[in-house]
Amino acid sequence: MPEQVEILKYYLYYKYFLRMKDRKSLKRRQDKRIKRHLNYVAGHSRVYRGMRRLEDYPVVDKKFMMEHFHELNTVGIGRKEAEEFAVKAEKERDFVPKLRGITVGLSSGTSGRRGIFLVSDKERIRWAGYILAKFLPGRIWDKCSIAFFMRADSNLYQSVGSKRIQFHFFDIYEDFEEHRTHLEEINPQVLVGQPSVLLGIAREMEERKLRIYPEVVISIAEVLEKRDEERIKKVFGLKIIHQVYQCTEGCLAATCRCGTLHLNEDIVHIEREYLDGNRFIPVVTDFERRAQPIIRYRLNDILVEKKGRCGCGSPCIGLEKIEGREDDVFLFAGNDGTLKKVFPDFIRRCVLFAESGEELENQRRVKNAGEKGEPEKAGDSKNPGDLNKTVSDYRVVQETDGRIFVYCDLSEAGKQQVLKEFERLAQDREFKLPDVVFKGYQFEKGKKMKRVERKYKQEKDGKEIQAAGK
C-alpha cells in the first residue's frame, strides 16, 4: 500500500474512529495493546526475552537503554553503528538517509546524555497519521503549509508532507535573516518551534519586520511558561498555543481543542511516580513502538497533574503544565540541617512575582511625580514593550558552587524585588539562602532554553553534596 494512503488510514482512524468514553474503555484498550506488544517484544528483544507481563519488566532509564542498546532493539542495529550514522547526518545536515530502512536520530541531550532513537517505517507512518489527526487545521485533503523550526530535520517529520501538505524545515542554527523571506513567502498555516524560537518570531512581528498569519502555533522541545504562552497568543491573535510533549521516548502529550495538555494514553501507558499531591515523574510504556521498545522507561521530567475532567471530554489525564526536569530541583541547606528541595516553579515565581512588584512600584513613582508636577525620571518606569521583554527574557541557574545566578535585564529596584522574593521563599521553606548574583540576559543560539537550571551536582558516589546556604 502506498505510504500516503497508509498515513491517510491512520489519520482517519485517530481522527474519527478511535473513541474512548471513559477511563474504563481507555484501560481496556491499553491492556489489549500492551499484551499484544509485550508478546512481540518477548520474542524479539534479547534483553526482554520471555517477559510477557508488564510488572515483570524493570523500570529503566536512558543509561540502561544506551548500555543495552543492541540487545534491547529488535532490528539488529548496534549502538556504535547508529551513533556514527546519526552524527554524520547532523554534521552534513542531511537527514534523509536511513540505516537499513530505519530512521535514526539523536536526542538533544538536555538531560546530560544524548540518546539515540530508532523508528521503523511503519512506526513513522503511524506517527505521521497521529500528528496530523491531532493538529492539522481543516481536513487532510485541504492545502496546508507547515513551517517547522528545529535543531535537526528527520524522515519522521518529513512523513507529514505530501502534495497538498507542504512541510518546510527551518534550521535553527542558521541566522533568522536567512529564514525571514522564505517564511513570509510560504505564510504557513501551521508554525512549529521551540518557545525560544516562537518568542523570537513574535519579536519580529512586534517590530514589524515579519508578517505571517498561522492558524495553529505548536510549541515543542522546551517548557512553555505561562507568561511566554500569553505573549505568543497575543502577537498571533490566537486563543490557544498548542503543545507537543515529545522526546526520544515517544509522543507523550498533546493539547486538545480546549487548550489542555493531555497525556496521549491512547498510544502510551503512563505510570505516575508522585512527588507530592499533583507533581509526578512519568514512567512510560509506548505500546506502538517495536523497533526500539520503550517499556517502563522513567523520565526525569516533572509533570503537574490537572484535577477534574477537561471540557473536551477526553478520558486521558490532563496536565496543568510540564514544570521542568527532576535534576533542576534546587538544593539548599535547611535551617534544621536537612537537605531542602525546591521545585522549579517556586524559583520562577521569585522572578515573575518580583516583576509585578517592580511594575507596581514604578506606577507609584510615576503617580507621585505627576502629583508633584515633576517630570518622570529616566528609569523610573518601563513602557509595555520593555516590561514584556523583562518578563520573557530571564534564566535562573544554581551554579556548581551553590550560588543562585539570575540572568535578567533588571533595574536596581527590580533586583531588590527579586532578592526579597528569594528571601521570602527561604523563610517559608526554612532554608539558608546562598548568595544571589545578577547578570544580564543573553540567549544562547542553538541550545534549548531552560528558564530554571541546576548545575549543582552530586558526588561520584551518588550522595548529595553539601547543600548550598550561608
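**Close-up 1. Residues in the contact between helices H1 and H6.** In this predicted model, Glu3, Glu6, Ile7, Tyr10, Tyr11, Tyr14 and Lys15 of H1 meet Lys122, Arg124, Ile125, Arg126, Ala128, Gly129, Tyr130, Leu132 and Ala133 of H6, where contact means heavy atoms within 4.5 Å and helices are DSSP runs (H or I) of at least four residues, numbered from the N terminus. By class, this contact of H1 with H6 has nine nonpolar, one polar and six charged residues (Ala, Val, Leu, Ile, Met, Phe, Trp, Tyr, Cys and Pro count as nonpolar, Asp, Glu, Lys and Arg as charged, and the others, Gly among them, as polar). Local features need pLDDT of at least 70, side-chain atom pairs count only at pLDDT 80 or more, and totals for chains, interfaces and linings use all residues. Residues are numbered from 1 along each chain as its sequence is written, and side-chain values use heavy atoms, with hydrogens and water left out.

**Close-up 2. Crossing of H1 and H6.** The axes of H1 (residues 3-17) and H6 (residues 121-135) come within 7 Å and cross at roughly 50 degrees, the axes being lines fitted to C-alpha atoms, for helices over the stretch in contact, with angles running from 0 to 180 degrees between N-to-C directions.

**Close-up 3. The open sheet.** Four strands, E19-E18-E17-E20 in order, form an open sheet with mixed pairing (strands, E, are DSSP runs of at least two residues, and two pair if DSSP finds at least two bridges between them). Strand E19 (436-439) and strand E20 (452-454) are the edge strands, each pairing on one side only. Three bridges join E17 (residues 394-398) to E20, and these two run parallel; Val397 stands opposite Glu453 in E20.
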